[in-house]
Amino acid sequence: MMKPLLEVEDLHVRFHLRTGIVEAVRGVSFQLGRERLGIVGESGSGKSQTGRAILGLTPPPGEVTAKRLAFDGVDLLTASKRTLRTLRGGRISMVMQDPKYSLNPVMTIGEQIIEAYQAHAKASRAEARDKALAMLEAVKMRDPVRVFSLYPHEVSGGMGQRAMIAMMLVTDPDLLIADEPTSALDVTVSMEVLRILDELVAERGMGLVFISHDLKLVSSFCDRVLVMYAGRVVEELEARNLHEAKHPYTQGLMRCLPTLANDVRPLPTLNRDPSWAL
Amino acid sequence: MLDIQNLNVVFGTARLRVDAVKNVSFTVRQGESYGLVGESGSGKSTVLRAICGLAPITSGHVRVDGKAVATPRSKDFYRTVQMVFQDPYASLHPRHTVDRTLSEPLAIHGEKDAEARILQALKEVGLGPSFRFRYPHQLSGGQRQRIAIARALILRPKVLLLDEPTSALDASVQAEILNLLDDLRRRMGLTYILVSHDLAVVAHLCERLLVMRHGEAVEETASEALRSGKATSEYTQSLIQASQGFTRNPSQPAHATAG
């Protein structure tokens, strides 16, 4: 068996607040190869904090501990800042939720992609420019040269998100973490963005961690799904076996969605069992 | 109950002119629930805002209960029509307690017996009297949306305008709010106009719906037709398909299985 790309064992993220300690992530363990892993949960389940902890992006009062948190054999908790900098954006990158907030508003899209590329590869400006244009074409921009010189506010949400994917993939990472990459987009646009993401991930054989609140979307997009509740993984299953989910939370989460196919009313609601959070 | 004919809403003039709603017509009968579906920028929310006076009616007619609406809207209008907004984190006053939020419409309309009405309104949306003196930050998203619904219902309106009432909520909380809305409509004989980008939510709550795109009506259809996958326009079909989740094109190379 191949060595896993990412190993996470007993990951904890704690926030020391005035009012006490809040544990956002409580002992999450998983391994990831070159596959698509989905992390699903509702707000406050710790799914985003798990993604951020991998990249070392836990915001200040937060504290990350783990028995093991390693990327391709490199321990991310003890690695020097310098090592982390070369990994982050280079071999591991992250697509955030909303392009409106996560792109630099005062730099053109092309400049931002060039900046990302030159931070990790020794390349002349001309090379970087070619690479950026090629990347914009890879995310199916109709007119890459025009988009290259546009500012983020001049493009639509779907285009912005594709620009961000271009920026994140320009360094040929081995692992991509996508935190709700399509939640800010319209349904038809988000399908288009997902299709592009899917093609690029398959083409380059990357590992993908796809974080979302949308169980249906995740199960149709990923190979494997982790369901999180109150900072813990309550269930791990193959995406295609989702209908065989055993945990009442997963089952409840699936049933409470209205669907076009069945007209159920009243909709089954979730009775949160306090023992799930133990 | 509600009759909208050739509604146009235009913002700005000359170079900055935006035709947000173009020639939209529909009617909603008493006790019916009508959906407006579309993607962002389709003008669906603008239609709602035009009905309740938050956006200008450039031309066309909006009739409520057979009477054309006056601008600005009268107090009587707001006794008949009330609105619930999308984001319960933004639509409740952060420094007003639930009690104050709920008593304001009563005070404006000179209603007596505020205390009993407030307790009754809280009961109707499934919250106990213990919520009465809380601030919005002491409530969860679902509880806040219940308060927003209670505020809209406290004047006993006949029509509720619902602007994406569940899209800021988690899936399990969405189910609770949808059930509540369904239940309230049956008990009080309310008429709903629901705006949403989620076809499944609209099909669940509404009998008929209008699909909008770029400010224009694409097609009017029934939820039953949507459920059986019948849609005449290509755009509606693509919305139905997108709502089924991601489908991988089978002609694409399968994902590397070596990992």
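This is a predicted model: local features need pLDDT of at least 70, side-chain atom pairs count only at pLDDT 80 or more; totals for chains, interfaces and linings use all residues.

Student: Into which domains is chain A divided?

Tutor: Domain bounds come from an automatic or database domain assignment. Here domain 1 of chain A covers 6-91 + 174-277, and domain 2 covers 99-170. Their centres, taken over C-alpha atoms, are 26 Å apart. To the contact, domain 1 of chain A brings 12 residues and domain 2 of chain A brings 13 residues. Two residues are in contact if their C-beta atoms, placed from the backbone, lie within 7 Å.

Student: Which helix gives the most to the domain 1 side of that contact in chain A?

Tutor: Helices are DSSP runs of H or I with at least four residues, strands are runs of E with at least two, and both are numbered from the N terminus. Helix α8 (residues 187-204) of chain A gives the most on the domain 1 side, with six residues. That side divides into nine nonpolar, two polar and one charged. Ala, Val, Leu, Ile, Met, Phe, Trp, Tyr, Cys and Pro count as nonpolar, Asp, Glu, Lys and Arg as charged, and the others, Gly among them, as polar.

Student: At what angle do helices α4 and α7 of chain A pack?

Tutor: Axes are lines fitted to C-alpha atoms, for helices over the stretch in contact, and angles run from 0 to 180 degrees between N-to-C directions. Helix α4 (residues 109-118) and helix α7 (residues 157-169) of chain A pack at about 20°, their axes 8 Å apart. That makes α4(A) roughly parallel to α7(A); the label applies to angles under 35 degrees, with over 145 roughly antiparallel, 65 to 115 roughly perpendicular and the rest oblique. From α4(A), I109(A), Q112(A), I113(A) and A116(A) meet A163(A), A166(A) and M167(A) of α7(A). The residues of this contact are six nonpolar, one polar and no charged.

Student: Is G89(A) buried or exposed?

Tutor: A residue is buried if 20 or more other C-beta atoms lie within 10 Å of its own, exposed if 12 or fewer, and partly exposed in between, with C-beta atoms placed from the backbone. G89(A) is buried, because 20 other C-beta atoms lie within 10 Å. G89(A) is found in the loop between α2 (81-87) and β7 (92-95) of chain A. Leaving aside neighbours within four places in sequence, G89(A) is in contact with A116(A), A119(A), H120(A) and T171(A).

Student: And where is F11(B) found?

Tutor: F11(B) lies in strand β1 (residues 2-11) of chain B. F11(B) is partly exposed, with 14 other C-beta atoms within 10 Å. Beyond its neighbours within four places in sequence, F11(B) is in contact with V18(B) and A20(B).

Student: How many residues of helix α1 of chain B are buried?

Tutor: Eight of the eight residues of α1 (residues 44-51) of chain B are buried, so this helix is largely enclosed by the rest of the structure. After α1(B) comes G53(B), whose phi is positive, near 90°.

Student: How many residues of chain A are in contact with chain B?

Tutor: 34 residues of chain A are in contact with 32 residues of chain B. On the chain A side, the largest share, seven residues, comes from α8(A).

Key: Residues are numbered from 1 along each chain as its sequence is written. Chains are lettered from A and ligands numbered from 1 in the order in which they are written.
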